[in-house]
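Me: I'd like to understand how some side chains pair up in this protein. Could you walk me through a few questions?

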Amino acid sequence: MSKIGFFIIPGKRNANKIYKYKKKIRDNFGEQIYLNHLPHITLGVINVKDKLFKDFDLNISKFQNKLINKRIEFYKSYIFKKDQLARNGDTLVYKIKKYKWLEELQIEIFNQLKEYKINYKKKKFREKWMNSNFAIYGYPFVGNSWIPHMTISSILENKQNKKRIQIFEENFLREKVSFDQKVNNITFFKINKNYHKLIKRYKI
């Protein structure tokens, strides 16, 4: 069994925005969850059977034409409070506008991965809809329940940093956000904790 992620990798200018904010968090709070992750827009993360690495090849012909010249707009700073996927830390992100075609892209890729998905009997999440998505797709945030975003970092609270985190997050949420990104790739990585190993990059 292995964990993989499929992402949209941003261009250099947008990646640098994320790296600068990651540095700010590291300088203020030390090492945190996701700080060492490369800038990316997560379409999905899933545990898969290892035969995927021999057999799977994304059929991009099913959606490639629909993605030509598509752009996504970042419009807001946002925090996933007590993020269940980040040990209940606060995860700072730049939110992306919702697009039907982006949701359809995500679901299409999950459908192509179904035969490789590891099936779990045990519930993992507090909310029923998250467990339902996880049972179907192997990931809790899919389709209409997915909030597209680009993650900066999660921050774990303790007694020493609680007040500083509050001030930092208030400043982050006041930030004006307005930039966009062309969708020109779907990139697969094998994930081992903080290490991401490139599997394949599909150009759009």
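**Salt bridges and a serine**

Reply: Happy to! In this predicted model, the side chains of Asp-27 and Lys-23 form a salt bridge, with N to O at 2.9 Å.

Me: How far apart are Asp-27 and Lys-23 along helix H1, in helical turns?

Reply: Both residues belong to helix H1, which covers residues 12-29. They are 4 residues apart there, so their separation is about one helical turn.

Me: Is Glu-169 buried or exposed?

Reply: Glu-169 forms a salt bridge with Lys-81 at 3.0 Å, N to O. Glu-169 lies in helix H6 and Lys-81 in strand E3, so this pair ties together parts 88 residues apart in sequence. Lys-81 is exposed at 52% relative accessibility. The cut-off for buried is under 20%, and Glu-169 has 6%, so Glu-169 counts as buried.

Me: Which residue is linked with Lys-81 and Glu-169 in a network of salt bridges?

Reply: The Glu-169 and Lys-81 bridge belongs to a network of salt bridges.

Me: Which backbone oxygen does the side chain of Ser-77 reach at 2.8 Å?

Reply: Ser-77 sits in strand E3, residues 71-83, and is buried at 4% relative accessibility. Its contacts beyond four places in sequence include Phe-172 and Leu-173. A polar atom of the Ser-77 side chain lies 3.5 Å from the backbone oxygen of Leu-173. At 2.8 Å, the Ser-77 side chain reaches the backbone oxygen of Phe-172.

Technical notes: Residues numbered from 1 in each chain as written. Predicted model: local features only at pLDDT ≥ 70, side-chain atom pairs only at ≥ 80, totals over all residues. Heavy atoms only, no water. Helix = DSSP H or I, 4+ residues; strand = E, 2+ residues; numbered from the N terminus. Buried < 20%, exposed > 50% of the residue type's maximum accessible area, 1.4 Å probe, protein only. Polar contact = N/O pair within 3.5 Å; in protein donor to acceptor, adjacent residues only side chain to side chain. Contact = heavy atoms within 4.5 Å. Salt bridge = Lys/Arg side-chain N within 4 Å of Asp/Glu carboxyl O.
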